[in-house]
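Please keep the sequence and the structure open while reading.

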Amino acid sequence: MTSVTVITGIIILLAALVCYAFVSQTISQKKEQRKRVLAALKSQLRSFKFMISGCPDGFLTKDLKVIVLRSLVEVCEQLSKLEPKEPAHLQELQQHSNLLTEAQRAAPTKTRAQLESLQQIKEVKMSLEELHRFVFKMEGQSRVTRSQADTYRAQIKQLVLQVTVDGYVLSGQQANQNGKTKLALHYFDLAAKLLQREGKSGMFDAKISQLKEVCTQLQQGMTEEDSGEVDTVSEEEKAELEGEWDKFSKDNEDIWKKKQVYD
């Protein structure tokens with residue numbers, strides 16, 4: 001065997017090794033990329049399902065329900081293409097497609113479903129916060145116009161107002177049942193003032209009158225023992241209660257965009 005043959009063989013071998021390494025690296029990179037895409041899609045799927053499941057049926061507006069369900073359908077379609085042998089993706093795709101069709105055909109509802117517990121209120125608030133971030137995400141990707149995004153945000157803000165007021169009322173009822181009249185009065189007063197501040201002229205007049213009547217009854221029912229209560233609202237509770245609405249009542253678009261970004 002001549003030196004030329006040996007050198008040629010070595011060159012061919014090295015070339016084959018380089019090609020093998022390149023192909024292996026490419027395959028490995030594609031696998032990793034696929035894993036990342038799958039992880040991101042499954043994370044989005046969980047988020048969208050949480051937005052829907054966190055709110056009781058009939059609570060979200062038609063517009064908000066449609067954009068979430070449409071996003072769910074899109075994610076399920078992508079997952080079914082990446083994992084065609086996974087039956088759960090096709091099942092969820094069919095399920096959410098049916099729900100989307102129903103939501104698109106349904107007439108808009110003027111009244112929202114009532115929330116029945118503080119735990120439910122907490123879950124709904126978390127869902128609305130997630131949805132609020134998602135609207136900014138869609139706007140940033142040019143999937144909706146600024147006008148559409150503003151409409152969605154206004155609807156979310158209105159729902160958060162309802163949730164916050166419901167939370168104050170439920171807390172006030174619990175406090176009153178526990179004999180904490182001052183605390184109950186504080187909650188009902190917060191609810192009335194929030195509606196007065198945020199509602200359009202005449203929009204919540206009936207509800208405000210009802211809350212003021214409750215406040216009047218609580219004030220009249222307070223005994224001398226009640227007036228000496230120490231068990232009122234702590235500074236920490238006040239900060240938490242009165243700060244709940246601030247995140248939605250202020251123009252904090254830049255904060256949401258910078259701090260809350262979807263994968």
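The model is predicted. The protein chain contains 11 helices and 0 strands. Of its 263 residues, 37% are buried.

**Overall fold**

- Followed along the sequence, the pattern of the protein chain is α-α-α-α-α-α-α-α-α-α-α.
- Among contacts in the protein chain with a separation of 6 or more, 76% are between residues 24 or more positions apart.

- Helix α4 covers residues 118-140, which is 23 residues.
- From its first C-alpha to its last, α4 reaches 33 Å, close to the 33 Å expected at 1.5 Å a residue.
- Helix α6 covers residues 181-198; it has 18 residues and reaches 26 Å between its first and last C-alpha, close to the expected 26 Å.
- The buried residues of α6 are Thr181, Leu183, Ala184, Leu185, His186, Tyr187, Phe188, Leu190, Ala191, Ala192, Leu194 and Leu195.

**Packing of α5 with α6**

- The axes of α5 and α6 are 7 Å apart, and the two helices pack at an angle of about 160°.
- Angles over 145 degrees count as roughly antiparallel, so α5 and α6 are roughly antiparallel to each other.
- α5 and α6 cross in a left-handed sense.
- On the α5 side, the contact is made by Lys157, Leu161, Thr164, Val165, Tyr168, Val169, Ser171, Gly172, Gln173, Ala175 and Asn176.
- On the α6 side, the contact is made by Leu183, Ala184, Tyr187, Phe188, Leu190, Ala191, Leu194, Leu195 and Glu198.
- Sorted by class, the contact of α5 with α6 has 13 nonpolar, 5 polar and 2 charged residues.

**Packing of α6 with α7**

- Helix α7 spans residues 205-221; its axis and that of α6 come within 9 Å and cross at roughly 155°.
- That angle makes α6 roughly antiparallel to α7.
- The crossing of α6 and α7 is left-handed.
- α6 contributes Thr181, Ala184, Leu185, Phe188, Asp189, Ala191, Ala192, Leu195 and Gln196 to the contact.
- α7 contributes Lys207, Ile208, Leu211, Lys212, Val214, Cys215, Leu218 and Gln219.
- The class breakdown for the contact of α6 with α7 is 11 nonpolar, 3 polar and 3 charged residues.

**Packing of α2 with α5**

- Helix α2 (residues 62-82) packs against helix α5 (residues 146-177) at an angle of about 115°, and their axes are 9 Å apart.
- α2 and α5 are therefore roughly perpendicular to each other.
- The crossing in which α2 passes α5 is left-handed.
- Asp63, Leu64 and Ile67 of α2 meet Tyr152, Gln155, Ile156 and Leu159 of α5 in this contact.
- The contact of α2 with α5 has 5 nonpolar, 1 polar and 1 charged residues.

- Ser142 lies in the loop between α4 and α5.
- The phi of Ser142 is positive, near 60°, in a residue other than glycine.
- Most residues other than glycine have a negative phi.
- Ser142 has a relative accessible area of 64% and is therefore exposed, the cut-off being over 50%.
- Arg146 is in helix α5 and is partly exposed, with a relative accessible area of 45%.
- Arg146 and Val135 are 11 residues apart along the chain, and their C-alpha atoms are separated by 10.0 Å.

- Leu69 belongs to helix α2 and counts as buried, with 1% relative accessibility.
- Not counting residues up to four places away in sequence, Leu69 touches Ile52, His96, Leu99, Leu100 and Ala103.
- The C-alpha atoms of Leu69 and Lys49 are separated by 8.6 Å, although the two are 20 residues apart along the chain.
- Gln162 is part of helix α5.
- Gln162 counts as buried because its relative accessibility of 17% falls under the 20% cut-off.
- Leaving aside neighbours within four places in sequence, Gln162 is in contact with Phe59, Arg112 and Ala113.

Definitions and conventions
Residues numbered from 1 in each chain as written. Predicted model: local features only at pLDDT ≥ 70, side-chain atom pairs only at ≥ 80, totals over all residues. Heavy atoms only, no water. Axes fitted to C-alpha atoms, helices over the stretch in contact; angles between N-to-C directions. Helix = DSSP H or I, 4+ residues; strand = E, 2+ residues; numbered from the N terminus. Parallel < 35°, antiparallel > 145°, perpendicular 65-115°, else oblique. Left-handed = near helix turned anticlockwise from the far one by under 90°. Contact = heavy atoms within 4.5 Å. Nonpolar A, V, L, I, M, F, W, Y, C, P; charged D, E, K, R; others polar. Expected span 1.5 Å × (residues − 1). Buried < 20%, exposed > 50% of the residue type's maximum accessible area, 1.4 Å probe, protein only.
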